[in-house]
Amino acid sequence: MKTAATVKKNRSRRSLSKTDRFTLTAFVGIPTLLQIILLWVPAVVTIILSFTYWNGIRLKDIQWAGIQNYKNIFINNPLFYQALKNNAIWLAFFVVVATPLGIMLAYQIDRGIKGHAFYESIYYLPVVLSLAVIGIIWNFMLQPGGFVQGLMGRDIGNAISIYGNPKINTWVILGIASWRHIGYIMLLYLSGLKSVDPALKEAAAIDGATEWQIFRKIILPTMQPVNIIIVVITLIESLRAFDLVYIIYGSPTIFPLLNLLVFQNFAGQGISMKGAAYAVILLLLCIVPIITYLRITFKEDLK
Amino acid sequence: MSEEKNVVSRRSVLKGAAIGGAALATGGALSAESASAATRLKGSTVKWTTRGGGATGDKIAKAVNDAFTKKTGAKVVAQQVNSDDFQNNFAQIMQGSPDDAFGWMAGYRSNHFGEMGLLADLTREINRLKSTLPTAAIQGATSPVTKKPYILPTTYYPWGLHYRKSMVKDIGMNPEKINNWDDFVKLMTLTQKKGLVGYSLGAKGGWEAMGTFDILNARVNGYKYHIDLLNGRAKWTDARTKETFKYFAQLIPFMNDNVMDISWDGMRDLLLQKKTGAMMMGSWFANDFKAKSQADYDDLWVVPFPEINPKFGVDTIDAPLDGISVAANGKNVTGGKALAEFWASPEGITEAVKAGDTNIYVSKSFDTSSYDAFNKQKLAVLASAKNIMFFLDRDARGDFAGPVVGPAIQNFIKKPSDINKILENVQAQWDALPKN
């Protein structure tokens, strides 16, 4: 193994000209350097800071806090558990409902059902909007004094509580977020489906496979690279949720999410290293499942 | 006739010259240091930030800054920023390359950053303005830690109980006599009976309901207890704090169903559309009533929040104090200080008012004789109080007020029966804060 690798390495090195080597170093080195400076250094600094007390102003004021910030979050702060719950529901909803719906839509549109171009453009439309813009639109529709409330004949005095009502606001927010997410997944999947050889499907159909069997046994495995991207995107989109909710509420506490708590404790007058601790918790929640998933998938591929 | 007039005008010219001479004489008597400061000022550039305010804000800033340029020869470059963004990124802005002077807020927000060395010490400037400023304002602008002022106080506004006189008359009560808790409950009950909202509140932003908590706590337990509580000298789990929340809980059945859906502008609209009996808010929204119609504005009224505990009466008010601060890291600190002093001086105030500033200035030079009935009432509300609070998120430290107290009040309104647990959490989070 080792010798083979060394031989391979030597061979490739020999075959590279000076210019090639320079280009390669530049192309790999510069992004890596930027990545380290802009991403990994701040990440490591954040991890260190999460174990301190600091108000973000003078370096000499930093005090060692041990695990106090984490203890405070885990033991004293009910917002943390509310946020965790909201993020978990968000993730579950995306995994179980929104993403499969997007895949299904893509599959149907790819089959060329009647009016598929029309559906495609309708579902694709929200994808061009940023979540912040989507927040503004839906806030304008549903808030007291908003468009939908007006249609129902309700003014600000007797407006139905939607965003402020804990019984329904989770589902309203998830509905809005899915509005965009479904289109996004559909688009990704559709581009993948276009590259699947139709002969495969035809062959399976001739062999007597049902529609569902074709999808499960033929399409899904051939789409493996796209599937990986979709799983990772669904995970990240659910955990990094921030802009939509921040725009709608303007404050981080009625519908708390982990990212909102990072922001609240890291920006403005509220700054304390509890914000860093929240960021570290979020980082772990994002990175651990993604790395695990990718390792498993790539291991299967190697087999 | 014309000759006489000439004489008069000649006399006034002479008079003017005499005053000018006196001014020159005083100028000559100034210390060498400030004289050199004045020469350094001439031809220098001072940068000014207007915190929000739209076109009116820009107009006022231009009027005052132009007058400053005319007086000192220093050029002023002004920009307007979004108030929330400026506030959220304040520490970063102040550590970068900040503008020299800007409108800012007294209380924890200036003291903290002053103590951290980001705002300039304005002791000399405040001493020069001493004769025009009330002692309470100077005290309010001074850090209790370093005993130095980091802001020159200019304007303030009262948080009071707002309602519409016509609506109170409609339910058979006297709008001039909403004085104690019983009157207040009666007002809310009768309004609610008419199918309207008895007491309107918004809590979407997390800060709006702090105003109601502040005043209830001050009425029930007094100013000292409230300030002690916000600074950790009293406990959130104390029976006295719980007593305040008992009064708060009494208000909840009178509130609108969508407290968590609206902010201060929603509250304003409820009153503007005659949907609510009363609300506790800062008086800044009154201009929006005027913009709708003079009749709406004339109908609007404000009184001190009613008395609860006779021991304290109505002796306390939330009246956030604003002013001008100078960035310690600005390029032209001398210029910034001079500009700040000008804004807070009688001359600067005159210019601002002329340009359309409707704020109430703390300066003794401020002329209120042309005030309308509502503004006179605002002054009366301010004058009725002996103790001035600056609002919870300025009286308490920033890593506690917003992240801890705000959500606690929201959770209390959502589920009042959880109060003991909520207060235990607040106290535990206070105890976990780093103490210097």
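# Helix packing, core and chain contact

The axes of α4(A) and α11(A), the helix of residues 224-239 in chain A, come within 8 Å and cross at roughly 145°. The crossing of α4(A) past α11(A) is right-handed. The model is predicted.

- Two packed helices are described by the angle between their axes and the distance between the axes.
- From α4(A), the contact uses Asn87(A), Trp90(A), Leu91(A), Phe94(A), Val95(A) and Thr99(A).
- From α11(A), Ile230(A), Thr234(A), Glu237(A), Ser238(A) and Leu239(A) take part.
- Sorted by class, this contact of α4(A) with α11(A) has six nonpolar, four polar and one charged residues.

**The largest nonpolar core**

- This core holds 176 residues.
- Val245(A), Tyr199(B), Leu339(B), Ala340(B) and Val405(B) touch the most other members.
- Helix α4 of chain A, residues 78-110, gives the most to the core, with 11 residues.
- In chain B, domain 1 (43-157 + 320-365) and domain 2 (159-318 + 379-431) both give residues to the core, so the core lies between them.
- Leaving out residues up to four places away in sequence, Val245(A) touches Ile173(A), Phe255(A), Leu257(A) and Leu260(A).

**Where chain B meets chain A**

- 35 residues of chain B are in contact with 37 residues of chain A.
- On the side of chain B that touches chain A, at least two residues each come from α4 (83-88), α13 (264-272), α20 (398-414) and α21 (419-431) of chain B.
- α20(B) gives the most to that side, with eight residues.
- That side of chain B has 13 nonpolar, 14 polar and eight charged residues.

- Most residues other than glycine have a negative phi, and most peptide bonds are trans.
- Lys274(B) has a positive phi, near 55°.
- Lys274(B) sits in the loop between α13 and β7 (276-282) of chain B.
- Lys274(B) counts as partly exposed because it has 15 C-beta neighbours inside 10 Å.
- Phe391(B) also has a positive phi, near 95°.
- Phe391(B) sits in the loop between β12 (387-389) and α19 (392-395) of chain B.
- Phe391(B) has 21 other C-beta atoms within 10 Å, so Phe391(B) is buried.

Methods. Residues are numbered from 1 along each chain as its sequence is written. Chains are lettered from A and ligands numbered from 1 in the order in which they are written. This is a predicted model: local features need pLDDT of at least 70, side-chain atom pairs count only at pLDDT 80 or more; totals for chains, interfaces and linings use all residues. A nonpolar core is a set of buried Ala, Val, Leu, Ile, Met, Phe, Trp, Tyr and Cys residues joined through C-beta atoms within 7 Å. A residue is buried if 20 or more other C-beta atoms lie within 10 Å of its own, exposed if 12 or fewer, and partly exposed in between; C-beta atoms are placed from the backbone. Helices (H or I, at least four residues) and strands (E, at least two) are DSSP runs, numbered from the N terminus. Domain bounds come from an automatic or database domain assignment. Two residues are in contact if their C-beta atoms, placed from the backbone, lie within 7 Å. Ala, Val, Leu, Ile, Met, Phe, Trp, Tyr, Cys and Pro count as nonpolar, Asp, Glu, Lys and Arg as charged, and the others, Gly among them, as polar. Axes are lines fitted to C-alpha atoms, for helices over the stretch in contact, and angles run from 0 to 180 degrees between N-to-C directions. A crossing is left-handed if the near helix is turned anticlockwise from the far one by less than a right angle, and right-handed if clockwise.
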